Amino acid sequence: MDTSRQRRTEGSLVLGLETSCDETAAAVVLRAADGSGRILANVVRTQWERHRPYGGVVPEIAARAHVECLDILIRDAMREAGAGFPDLDAVAATAGPGLIGGLIVGLVTGKAIALACRLPFLAVHHLEAHALTVGLTEGLKPPYLLLLVSGGHTQLLVVRGVGNYERLGTTIDDALGEAFDKTAKLLGLGFPGGPAVEQAARAGNAARFDLPRPMMGREEPHFSFAGLKTAVRRTAEALAPLKPQDVADIAAGFQAAVVQSVADRCRRAMDIAAQRLGQGAPRHFVVAGGVAANERLRASLRGLAEERGFSFHVPPAELCSDNAAMIAWAGAERLALGLIDPLDAAVRPRWPLDLDAQPAIGAGVKA
Ligand code: KG4
Ligand code: ZN
């Protein structure tokens, strides 16, 4: 396609970079003047092989791996998009939250390109990028209720607009993706844990063990997974050594418990969101983040949304896990509003989406 700046009179072409955790990614996205989006290139290289021997992401290894391949991925993405640097309208990079070493790699690279090409620079919030992905994939615009479930975050938010979030619920201990990863480790299923637990659960009997459904029925739509994790560990220890069927049954039992608990929390959040947004406001329910790739969770939440009169939206699996198309898109959305960042914008390893949100009850609040 013809991406040259002179001939493309409308819209903006944005290069996005993602380096906040264990995926290095570069993408080129076109945002048309009517607000619709199109992915021209989306290149992702995962570092799982590097981290697997350690059973989790090692920050220093992650940062080094980003340095080694980010330039190659940018070249590939630009080639695939048929674009040169002069064709770009802006550069966007993840500024946080995430692992500081990796964030610095992406942010500095993005700034260098912006400086050299005299382009606007956008320091993107990684969670905002997950939150806005449905605008790229389905053209859905705020307001909507969002369940954001990733390796580090589990939140229910009312998305009112770009940069405008009201947090309704968060986890008081582990994030949902973290709970999947820890369960996988305990069951010897490897890394990353979410897809491995989902796969193992397919052959399992979810009803074999009586596992707790954390936070069910609580007024505020917060989450907790630490107690369930302990119950899973006790169940596994009581049966050790585990046979393949035991592993499948525990995985299925764990997945059923989290799906039921999450659905209950979302049901509560739907009631609150409907009140907050008022009568006549559209009722949309969006699920995003790496764990949104889970088929059982998607199916359960789709059913819940239908039951409560909400339309249901979830990005395709490859755009749920970390990628740079979502970063480029969030950058393009901010650019359209004139929300450009200075070249001395800092990385923000901890960066809440809703700055006014009060800490949730519980001791070990992480999100
Ligand atoms: O959003 P993401 O790619 O990275 C972060 O920003 O954290 O989410 C990664 C998390 C990991 O914990 C991974 O195990 C989990 O998402 N995940 C899944 C599935 N695919 C990825 N969890 C459950 N089922 C899946 N199919
Ligand atoms: Zn993420």
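1. Strands β6 and β7 are antiparallel partners, joined by six bridges; pairing requires at least two DSSP bridges between two strands. Tyr 144 has Val 159 of β7 as its bridge partner. Strands (E, at least two residues) and helices (H or I, at least four) are DSSP runs numbered from the N terminus.

2. The model is predicted: local features need pLDDT of at least 70 and side-chain atom pairs pLDDT 80 or more, while totals for chains, interfaces and linings use all residues. Residues are numbered from 1 along each chain as its sequence is written, and side-chain values use heavy atoms, without hydrogens and water.

3. The open sheet has five strands, ordered β8-β7-β6-β9-β10, with mixed pairing. Because β8 (164-170) and β10 (311-313) are at the edges with a single partner strand each, one side of each has no neighbour in the sheet. From one strand to the next the twist averages 25°.

4. Helix α4 (residues 126-137) packs on this sheet and touches β6, β8, β9 and β10, its direction making about 130° with that of β6. Helix α9 lies across β6, β9 and β10, at about 160° to β10. Contact means heavy atoms within 4.5 Å; angles (0 to 180 degrees) are between N-to-C directions of axes fitted to C-alpha atoms, for helices over the stretch in contact.

5. Leu 301 touches Leu 147, Ala 263, Cys 266, Phe 285, Val 287 and Phe 312, leaving out residues up to four places away in sequence.

Note on methods: Chains lettered and ligands numbered in written order.
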